[in-house]
Amino acid sequence: MEIDFIGWYENSHGYKPFPWQVRLAEQIAAGEPPEYVSAPTSAGKTAIIAVWQWATENGYNVAKRLIYIVDRRLIVDSVTDYAESLGCHVVKMRGGTTVDDSWMMDPLEPRVIVSTVDQAGSRLLWRGYGVSAKVAPIHAALIGNDALIVLDEAHISTPFLITLQAVQKLRMNSDPPWHVVAMTATPGREVSSLTLDEADYVHPVLRKRLESRKLARLVSVEKSGFVTQLVREAKALQLACNGVVGVICNYAEQARKVFNRLDGEKVLLTGRVRPADKGRILNKYLPRMECGSRENRKPLFVVATQAIEVGADLDFDALVTQSAPIDSLRQRFGRLDRLGELEESLAVIVHKKLLSDDECPVYGKKLLNGTYAWLKRAQTKNGKLKGVDFGISVMDTTIASQPPPLRAPVEVRPFTAVNLRQLRQTEPPVRVDIAPWLHGESRDDISVSVVWRADLGKDENRWAEIVGAAPPVMDEAMPCPVYTVRKWLRNRPALADSQIVSGEQINPGNFLVVPVDYGGYDEWGWDANSHTPVEDIGNQTGAKVRLIGADENTNVQEALDRLGIKITNPVATPYAAGLVISSLNRRTKDKAVDLETHLVEVGKVAEELSANDTVRKAAYAHDLGKSDPRFQVMLGAQDIPLAKSAHPSPWAAKVALEWSGLPKDWRHEIASLAMLPSDASELLRYLVATHHGYARTILPVGGDPALWSNAGGPRWGNMTEKLNQEHGAWELAYMEALVRLADWKQSQQEQRDGI
């Protein structure tokens, strides 16, 4: 096995894996992934994706989905690029309205899903952000089954890790596999960690990274001189190294002030930037500051926040950083001489004297002052230089001999069986705030997304109509802490979820749209002090193009040419601020599908997806209720029963519905349920009834009380509770999802190819 993995890894990377990575491959191939992976920065933790891909390609019994979660949006792209370089089928989840859900259609196809905590966590807990209540169970099923959950830098996502561990206890012991691996470069006292051993410490490549010296000089300044000191130290290090100097601040506002005062070539990297703009910035500057770019480097200042602490494959020649807790500092120093090529590098830690917790709401005065006092005690002298060596091996020894102050444990709301019972009720949904299980009880750092649009006029009452004509997408949305945006907007209106709100009414998770003349943003991202109108990039990122101020007399093609935008078969639709241009949809009308063929083919698809006999039976029986004569009238059937109509127009469909005599809200799933044999199992009845996302907790009456009663409506709640207890909530949802996906896949093929 070792030779197999070593050769595969060398072929895909150009060099052999480290010894600890080989041990990881052995454990994953044996179906026993470690609970923790504790390896220092630059030791190659992301290679767990390579291990999974190797095991998948070689037929080992590993999960179909590797869900790699990292709570830094800036890192999601780099992990995605690495996975794609290995040949993985990758899905990226960062939020917004452009998340690709096509992966759901092939639950047996191996996938790497790279996600933030919010996106993967909300789906696992049945409340997927941007996911409808009827589809949420499928997301919960696919995240909660046949998955290897990898939580990178788990020490910054402690609440979610605790939630994942609670989910593990609430799940049933079942096949397919579901495991959680917590990875961190700053380990605690986990007894079951996979860590480096002697073979790693003597490995020639890894040894160089572990033993390189990173001497940090300590400087303490008053608040008034803090930014000036950071700028001064950065300039001095630039003169000394003539290369790439990183300057890392604890807050975006501080990073912006430092950036504005530095001369020469510079780049600002924070999490408060639109994805489209981030891509532009990284495309230009990343080749000059990433690992492997040291040859022929030119001077560059990289000013950043803690957004680059985790996972970013950056490689600085020198570093200036604001003081922070020891785990954050170690992450930041992981970007300094990342591969150990310099063997010795210089840094400065600048400590701002704090008088109250208000001056550092994230870390607190006690922790920062205590950490700085510990750093002063840890100083050593090397010739004329006095400082703290942040080389990995030296710092390990220093911490072992005199432990530093650590962050207080984050207050976490326990995730219990009662909570699960509430969350798995998705239709009708129970209102539950899931944020504490993702991020802890503190909500100050929970983000909102801000979009700037140029077509919002003075009439606020029309903003919802205007935005609805061309909805924003993820690439034009800037994430920012909710408290920061509240302060910035104050009493100015914004559009949130089709409602006009003011600053104090903004809630975590809101997707806000504001006029471009509000300012607050420039080419580098968020800048609350900027009053310059913001560029509207919706036409470059969205599916629709807005010609603001255009009318029926506008030459659409000429207007698109001026914008440099090409649209095939452009169609103009008037809206409140001009014209919306989209591509002509040449989709053919729906094709009629006969009922018997549909049931047989959906059953065959289910047989491909699952070996569970009840899942297969449910697929063959799911649409039996459509044989009701009234439903067939509604579908326009003539010679044979249909599963899907082919009405020539919406008007014809409406008339057919009126003629059918079906009660309002009549559900064919309940009719299918009533037609099952009297000895049908409760599981079969459940899977048939839930194939459109209803009846998961209670059976909807659907305008036909007699049918509802015959189908078992009065006893339905007790039955679903029993099934969830017997099979497990996520496991039951997985069987349900397989029936529904078999139906989706066959219906998709019927409309694409005919039958």
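**Briefing on the predicted model**

The structure holds 38 salt bridges. It is a predicted model, and a search of the whole of it finds 3 cavities of 30 Å³ or more.

**Salt bridges**

- Side chains of opposite charge can pair when their charged atoms come close.
- Within helix 9 (residues 204-211), E211 and R207 are 4 residues apart, about one turn of the helix. Their side chains meet in a salt bridge with an N to O distance of 3.4 Å.
- E211 counts as partly exposed because its relative accessibility is 46%. R207 is likewise partly exposed, at a relative accessible area of 41%.
- A salt bridge of 2.6 Å, N to O, joins the side chains of E233 and R217. Since E233 belongs to helix 10 (residues 226-241) and R217 to strand 8 (residues 213-221), the pair ties together parts that are 16 residues apart in sequence.
- With a relative accessible area of 6%, E233 is buried, whereas R217 is partly exposed at 39% relative accessibility.
- R330 and D396 form a salt bridge in which the closest N and O atoms are 2.9 Å apart. R330 lies in helix 13 (residues 326-333) and D396 in helix 15 (residues 392-401), so this pair ties together parts that are 66 residues apart in sequence.
- R330 is buried, its relative accessible area being 17%, while D396 counts as partly exposed at 31% relative accessibility.
- A network of salt bridges links R294, R297, D315, D317, D337 and E341.

- Rolling a probe the size of a water molecule over the atoms shows where empty space is left.
- The largest cavity contains about 100 Å³ of space. It is lined by 12 residues, of which P40, T41, R330, G334 and I392 are the closest to its centre.
- Helix 13 supplies the largest share of the lining of the largest cavity, namely 3 residues. By type, this lining divides into 5 nonpolar, 5 polar and 2 charged residues.
- The second largest cavity has a volume of about 40 Å³. Its lining is formed by A252, R256, L268, T270, R272, W524, G525 and W526.
- Helix 11 (252-261) and strand 22 (525-526) are the elements that give two or more residues to the lining of the second largest cavity. That lining divides into 4 nonpolar, 2 polar and 2 charged residues.

**A strand pairing**

- Strand 24 (residues 570-575) pairs with strand 25 (residues 578-583) in the antiparallel sense, over 6 bridges.
- The two strands are joined by a hairpin of 2 residues. In this pairing, P570 stands opposite S583 of strand 25.
- In a regular strand the side chains alternate between the two faces of the sheet.

**A buried glutamine**

- Q746 is located in helix 30 (residues 729-753). Its relative accessible area is 6%, so Q746 is buried.
- When neighbours within four places in sequence are left aside, Q746 is in contact with H598, E601, V602 and V605.

**Backbone details**

- The peptide bond from E427 to P428 is cis, with omega near -5°. P428 is placed in the loop between helix 16 (417-423) and helix 17 (435-439).
- R490 has a phi near 50°, a positive value in a residue other than glycine. R490 is found in the loop between helix 19 (482-489) and strand 18 (494-496), and it counts as exposed at 54% relative accessibility.
- A695 also has a positive phi, near 65°, and is a residue other than glycine. The loop that holds A695 lies between helix 27 (682-689) and helix 28 (705-710).
- In contrast to the exposed R490, A695 counts as buried, with 1% relative accessibility.

Note on methods: Residues numbered from 1 in each chain as written. Predicted model: local features only at pLDDT ≥ 70, side-chain atom pairs only at ≥ 80, totals over all residues. Heavy atoms only, no water. Pairing = 2+ DSSP bridges. Salt bridge = Lys/Arg side-chain N within 4 Å of Asp/Glu carboxyl O. Buried < 20%, exposed > 50% of the residue type's maximum accessible area, 1.4 Å probe, protein only. Contact = heavy atoms within 4.5 Å. 1 Å grid on protein atoms, 1.4 Å probe; cavity = no way out; pocket = protein on both sides within 12 Å on 5 of 7 lines; lining within 4 Å. Points joined across faces, edges and corners; volume = space filled by probe spheres on them. Nonpolar A, V, L, I, M, F, W, Y, C, P; charged D, E, K, R; others polar.
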